[in-house]
Amino acid sequence: MQERSLAALSADTGRRPVELIWVAIATVAILAFIFEGRRRYHLSVRSSSRGGRGITCQRVVFAELEGGSSSSQVWSEVNQSTTSHPAMEPPKTARRDQLLAIQAEAQAVWDRQKLFEVDAPLGDVDGGECLPPRFYGNFPYPYMNGLLHLGHAFTVSKVEFATAYHRLCGKKALFPFAFHCTGMPIKACADKLAREIKEFGNPPVFRQEEDKQSENVTPETVNGHVPADAKKEKGEDRLDTAKFRTKKSKAAAKTGSAKYQWNIMETLGLKAEDIAKFQDPYHWLTFFPPLAKDDLRAFGTGADWRRSFITTNMNPYYDSFVRWHLSTLKAKGKVVKDKRYAIYSPKDGQPCADHDRASGEGVQPQEYTLIKMKVNPPFTGKLAALEGKNVYLAAATLRPETMYGQTNAWVLPDGDYGAFEINDDDVFVITKRAAMNLAFQGGSKVPGKPNCLLELKGKDLIGVALSSPLSVNPVIYALPMLTILTDKGTGIVTSVPSDAPDDYAALMDLKNKPALREKLGVEDKWVLPFEVVPIINIPEFGDMSAVKVCQDLKIKSQNDKDKLAEAKRLTYLKGFLEGTMLVGEHKGTKVQDAKPLLRKMLVANGQAVMYSEPEKQVISRSDDECVVALTDQWYLTYGESEWKALTEKCLAKMNLYHEETRNMFGHTMSWLNQWACSRSFGLGTQLPWDEEFLIESLSDSTIYMAYYAVAHILQGGDMYGKPDERPVKPEQLTHEVWDYIFLGGKVPQTDIDSELLKRMKREFEYWYPFDLRVSGKDLVQNHLTFCAYNHTAMFGEDKWPRAFRCNGHLMLNSEKMSKSTGNFLTLREAIQKYSADATRFALADAGDTMDDANFVGETANAAILRLTKEICWIQEVLDAENLRTGKIESFADKVFENEINIAVELTAENYNNLMFREVLKSGFFDFQSARDEYRSTCGAAGMHKDLIRRFIEVQTLLLAPICPHYAEHVWSKLLKKDGCAIVAGWPAASRPDYTLQKANAYLRDTIVDLRKTILKPPKKQGKKGGAPAPAPTFTEGHIFVAERYLEWQEHCLRVLAAHFDAASKAFAEDAKVIAGLMKTPLSQIGDVKAVMRQCMSFVRFKKEEAIKAGPQVLDLKLPFSEVNLLTENAEFIKRSLQLEKVELFVHSSSDDEAIARVRSDEAASRARTAKPGNPVGIFL
């Protein structure tokens, strides 16, 4: 076997010798354990007493499970490694395992010292004394119907990093965490599981054909329904089949391809004997919250777990708080009982709020006017069965003011319709879906149960004669249209070709194409006599806007879908805002004023009814398609003018971090109105004044951030709030007690200890208002806006929230997270795969904007490598004996010291702005580059010991909020510091010298330019094609610098600086620059055109330079001496250019004597081209 030296192996592998030794030792250690048959072990590095390295094998406990917890016992087997035999553990995980070992050790230290448990200071909080600074951040408590996933962790990380930063800065920093269990999701899952066990047995044996059907569900369908995502007018929307690709609902994406609830539970790793327990919804509450807590602790979350709680009446303390909250709102007139349209689940028999939905979150009721188009007798065909009844084709429209211009009605020939009994007198011909909605709005003899008298196809309605309200035509006919959507409106569409481009194009097709009429069975008399009726004048489009825009866009038929979409975009909004009525009793009135008047008149005259349906399809957690129902229930009066004004004031004062977030709040405030706050069943808290109802899940979750202040006192650290042996019983928490704690009420008459009351009040007064709430942007439209509303109703302005920070969703490796595709990671899996710190590192790098972020597995793997290699480097450099000591006085030392100060300042700024990717850039990546540059610059002289140690300390602290376990290890084990890194204090730093930073950048750029000069290919010798001249051997070098520009160049630079926008890195057009130059003394110099040509050549060069490098290139003079800087660093320049034996000189470009030394006219000419910041190098 060939022997190879360690140096040769190092060269081949790209690893340092010390790394190769370490890998060899680790490999031997792993192999040694293969034959012991033990459970999985992990390798970790420790410092020996002699500063070397030893090997330690220790089993890593993933999470410290709560003793005796049934959930932990069940989960213990789920949480095993994919393999239990060390022989199957790939050696490449040693670095990850090292971080896991460091993680477990650090968390044990934090737990012993209770570092995250913080209380308000003793004394009277509002007594005026100086209180220690504090920071209070929180996160919308996650719903406990499963494990936390990486998307949760991404949003959690934002507030976790922010809280850790403020804790490091010496503030009392509070991050409490609770778990949401209110509402329908858990109850729906439990009920579904119970139904499956009842039907299929325990364990269930599902029918094979149903399993196959579940496999055939296309990726974007939801329970067989295709979502209609185009919001369009009055049901005349046209079908574009290319637009509707099948798509999974949000719930389907989370549960994967599993059809049954039992299967979903199996994907969580649960055993059959345990799954059956989940038929009881309260079992979910005892199982998942402890697991979530375990995972968050393993993640290194700095939460005060004493303040943790679950919602619902299972926690009597929080239940009392919620009852007080809603009672207070009712006393202030913020809760009323009324009939309102609401998204409603027929299966559940109650309104379906956002968090009760499997899909369709944020969807609101869309209100239409249902035009009653009466069928004229005699009834023929299938309609003959309805003879003697008042039969109407009922068309849903958003534009009742256009009914004057009706020329016909449209039906879908192959569409399914029915004749539904609305009341004792009327029958509506509409789709079954529309009838179901109408049945819950009083449009059925039996509420909620549509009665279909006759099933029809659209072709059965073609040619039916109709009398339609307001139409100038006494009789119109039902005609076929092939592109009607039956999942919007009623499937019956009014036709107004004067103002609807789709209607005009379809009508013209029938009028102009006899073959089409024959094919569709349309008689001439139903079409040809009917002409377009002008009804509205729109500026720019005249009296028949649809005709004008179709002609302008050259629309030939109803198949020109893109052009028709553009036609509607051009006319609909303009018609509403600027149109004027030409007919009817409101002739001369603006359309936007006439619309509500005409709608009201039609309804009052019995010619129309109001009708609502969901804007898009909504599926409940009970797997039920929702409708819009007119419900009599309790509502929060969001949108009420005075309350709305207060909330807008609150939002205006808050830091929302992104303008997009502010715009989203503005939009939500514009439409948000009364909100149903009660439901009939589910999990939660009963309405205190009407216990028939429960408080819905978005209404019991708006001010619980205040409850965190007292949760630990009331519950004693038990998240379930078991009152046994607690000093305060739930029944003692009267409204007067809560008023005293939170609202500054008078001292209550109670047997609760007075000091305990004062302590709870002191906790709230100290911690409130909260400083930051971080959430996904999808909660702006409900929870976050509700949070702002409720704070303004319950508390004074001094207790209003200070900041909301919203983020986008998280993708995994540039793809949407989805269990069905396997592109999914729970938080627990991520920690097992990468370690907590590498996961946190990759989450910080994932993104900070409102756009969707991206967790990249390679980033996490790279973090493992970077962190473990940094640990090795730190140990090596701390053990090194060749570091320089003494004064810090060289240019390289000063630059590096300055880079440390800059890193401290920039990283603090980035932490304060919650820009954590930028934190990694300034506090780690750029900082490491500065370290590497310093090492290179020092060369043989070596780095300064004190500076390197300071770098290690500072980098450790800058990274501590993001990688706290790594920081703790370096701080205590390597630096041998007392105390914990995460509370060591933000590193002190002097004010950065940005001039020095510029000087260093100048030096680096100069070396690059000089290297290009040296490496310039030599001229070829002799004839064309001859051999190149041999590479020259340089003996001396001359660098020429210019202390200032020529006078005419200075004029150019002043003008350029005045016309440069640094933010956009853009200049004004050349005409403005030339005009500026003409105002300078340059316009007085001889041949102006020649002068301008010379100037513009220089101007173009400097513009390109400024756009690339920034506005500093337009400065007339550098803020440092180029001569002194280059002279001081001559040895470094020579070493960088590998010209150590060359004698190097630095001169001013105005030094004629020095220029004479370059020996040629060409070189002398080049020497004089030097400009400030752009020296010229000449090597001889």
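## Pro 534

Pro 534 is partly exposed, because its relative accessibility is 35%; with a 1.4 Å probe and protein chains only, buried means under 20% relative accessible area, exposed over 50%, and partly exposed in between. The model is predicted: local features need pLDDT of at least 70, side-chain atom pairs count only at pLDDT 80 or more, and totals for chains, interfaces and linings use all residues. Residues are numbered from 1 along each chain as its sequence is written, and side-chain values use heavy atoms, with hydrogens and water left out.

Pro 534 sits in the loop between α15 (514-520) and β17 (536-537). Helices (H or I, at least four residues) and strands (E, at least two) are DSSP runs, numbered from the N terminus. Leaving aside residues up to four places away in sequence, Pro 534 touches Asp 543, Met 544, Leu 582 and Val 583, a contact being heavy atoms within 4.5 Å.

## Strands β25 and β26

Strand β25 (residues 772-776) and β26 run parallel and are joined by 4 bridges; two strands pair if DSSP finds at least two bridges between them. Arg 773 has Phe 804 in β26 as its bridge partner.

Strand β26 (residues 804-807) is covered on both faces, with Phe 804 and Cys 806 buried on one side and Arg 805 and Asn 807 buried on the other.

## Helix α25

Leu 827, Arg 828, Ala 830, Ile 831 and Tyr 834 are buried in helix α25 (residues 827-834). Seen down the axis of α25, these buried residues fall within an arc of 165 degrees, so they line one face of the helix; the arc is that of the directions from the helix axis to the C-beta atoms. Just after α25, Ser 835 has a positive phi of about 90 degrees.

## Cysteines

The count of disulfides is 0, where a disulfide is a pair of cysteine sulfur atoms within 2.5 Å. For Cys 1095, the closest cysteine sulfur is in Cys 1052, 3.6 Å away, which is too far for a bond. Cys 1095 is buried, with a relative accessible area of 0%.

## Aromatic pairs

The structure holds 71 aromatic pairs. Rings of Phe, Tyr and Trp (its six-membered ring) pair if their centres lie within 6.5 Å; planes under 30 degrees apart count as stacked, over 60 as edge-to-face and the rest as tilted. Tyr 141 and Tyr 704 are stacked, because their ring centres are 3.8 Å apart and their planes are at 5 degrees. Tyr 141 lies in the loop between β3 (134-138) and α5 (150-168) and Tyr 704 in helix α21 (residues 704-715), so the pair ties together parts 563 residues apart in sequence.
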